[in-house]
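This report is intended for a reader meeting the structure for the first time.

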Amino acid sequence: MSTYNIEIIRLPVIDSTNNFLKSLAKDGVNTPVVVIADEQTGGRGTKNRSFISKKGGIYLSILIKSQEKGFNSTLITPMTAVAVSDTIEQIANINTGIKWVNDIYIDNKKVAGILCESVILPEDENPHIIVGIGVNLFKPCGGFEKEIEDIAISVYDNPDEAIKEEFINLLLKNFFKYYENIGSKTFLEKYKLKNLVLGEKVTVIQGENRFPAKAIDIDDNCRLLVELSDKSHKWLNSGEVIFEIKQP
Ligand code: BTN
């Protein structure tokens with residue numbers, strides 16, 4: 001799979017695989033460690049939202065720690081988005097798009113999301129990074145919850161254990177392939193190519209203020225360039241934009 005010696009922990013249910021790895025990071029465990037749960041009771045998404053995590057999905061977190069001085073961890077989320085997108089396309093032969101910065105889409109519906117968090121230990125130069133990945137691999141038993149049924153999609157309709165195992169193996173292989181080469185940003189071209197936001201109208205959020213803009217470029221550090229209504233340009237980091245994705 002890779003030159004890494006990866007410890008993999010499988011759990012039937014947990015509050016959040018990210019929480020689980022945060023505790024391990026605080027205890028200073030050796031990395032990398034991967035934890036995979038069939039179900040989460042307190043799954044978390046970005047912007048303090050909850051992430052519904054019923055049986056049928058893959059809930060997986062990876063704990064890594066770079067030894068490199070001044071390691072640029074902001075690239076991990078977009079790099080992971082490409083690894084997830086590649087995995088879905090290779091296994092299921094379905095086209096995916098990436099919504100800057102951390103969501104994977106099929107047919108304008110969300111199929112996967114990524115939540116990266118970090119733990120900094122005292123007197124440690126580089127943080128432990130927790131990369132949380134949630135994929136709607138199979139439709140949950142009884143369907144998606146009412147609040148997300150119009151905006152969520154799964155890769156497959158019916159559960160299949162063999163596909164699930166194949167998916168997990170390939171996802172980890174793709175992730176570590178890009179991670180080992182993160183310095184040369186081998187994921188970047190695909191990240192830009194697959195992005196659904198370029199040319200689209202967006203709403204920029206800054207503090208209490210919201211204003212309309214158009215997304216026009218992504219740079220080599222995966223920041224988003226937007227054009228405001230007065231034609232001025234602004235580079236944005238994650239968490240500052242809402243998109244108006246067109247429905248088909
Ligand atoms: C998002 O879409 O906002 C990000 C969702 C990230 C969900 C994954 S599932 C595994 C890991 N554990 C969590 O509690 N969250 C992440």
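N108 counts as partly exposed, because its relative accessibility is 25%, a value between the 20% under which a residue is buried and the 50% over which a residue is exposed. The model is a predicted one. N108 is placed in the loop between β5 and β6 (109-119). The phi angle of N108 is positive, near 65 degrees, although the residue is not a glycine. Most residues other than glycine have a negative phi, and most peptide bonds are trans.

E123 also has a positive phi, of about 60 degrees, and is not a glycine. E123 is found in the loop between β6 and β7 (128-135). With a relative accessibility of 86%, E123 counts as exposed. The table sets out the two residues.

| Residue | Phi | Relative accessibility |
|---|---|---|
| N108 | near 65 degrees | 25% |
| E123 | about 60 degrees | 86% |

Two peptide bonds in the chain are described next. The bond from T31 to P32 is cis, and its omega is near 0 degrees. P32 belongs to the loop between α1 (17-26) and β2 (33-40). W100 and V101 are likewise joined by a cis peptide bond, with omega about 10 degrees. V101 has its place in the loop between β4 (97-99) and β5 (103-106).

## The chain as a whole

The protein chain contains four helices and 12 strands. Its radius of gyration is 18 Å, close to the 18 Å given by the globule rule for 248 residues, so the chain is as compact as a globular protein of that length. The C-alpha trace spans about 50 × 50 × 35 Å along its principal axes.

Of the 248 residues in the protein chain, 49% are buried. Among contacts with a separation of 6 or more, 64% are between residues 24 or more positions apart. The accessible surface of the protein chain amounts to about 12,600 Å², and carbon and sulfur atoms account for 47% of that surface.

## The nonpolar cores

Which residues have the most contacts inside the largest nonpolar core? They are L60, I62, W100, F187 and Y191, in a core of 61 residues. Helix α3 (residues 161-180) gives the most to this core, contributing 10 residues. A second, separate core has 10 residues, among them V35, L63, V119 and L121.

When neighbours within four places in sequence are left aside, Y191 is in contact with P78, A81, V82, I98, W100, V101, I218 and C222. These contacts include both W100 and V101, the two residues joined by a cis peptide bond.

## The loop that holds L198

L198 lies in the loop between α4 (188-194) and β8 (201-206). The relative accessible area of L198 is 31%, and the residue is therefore partly exposed. L198 and K214 are 16 residues apart in sequence, and their C-alpha atoms are 7.9 Å apart in space. Residues up to four places away in sequence not being counted, L198 touches K192, A215, I216, D217, I218 and L224. One of these, I218, is also in contact with Y191.

Note on methods
Residues numbered from 1 in each chain as written. Predicted model: local features only at pLDDT ≥ 70, side-chain atom pairs only at ≥ 80, totals over all residues. Heavy atoms only, no water. Helix = DSSP H or I, 4+ residues; strand = E, 2+ residues; numbered from the N terminus. Rg over C-alpha atoms; globule rule 2.2 N^0.38 Å. Buried < 20%, exposed > 50% of the residue type's maximum accessible area, 1.4 Å probe, protein only. Contact = heavy atoms within 4.5 Å. Areas by Shrake-Rupley, 256 points an atom, 1.4 Å probe, with all protein chains shown as cover. Core = buried A, V, L, I, M, F, W, Y, C linked by side-chain atoms within 4.5 Å.
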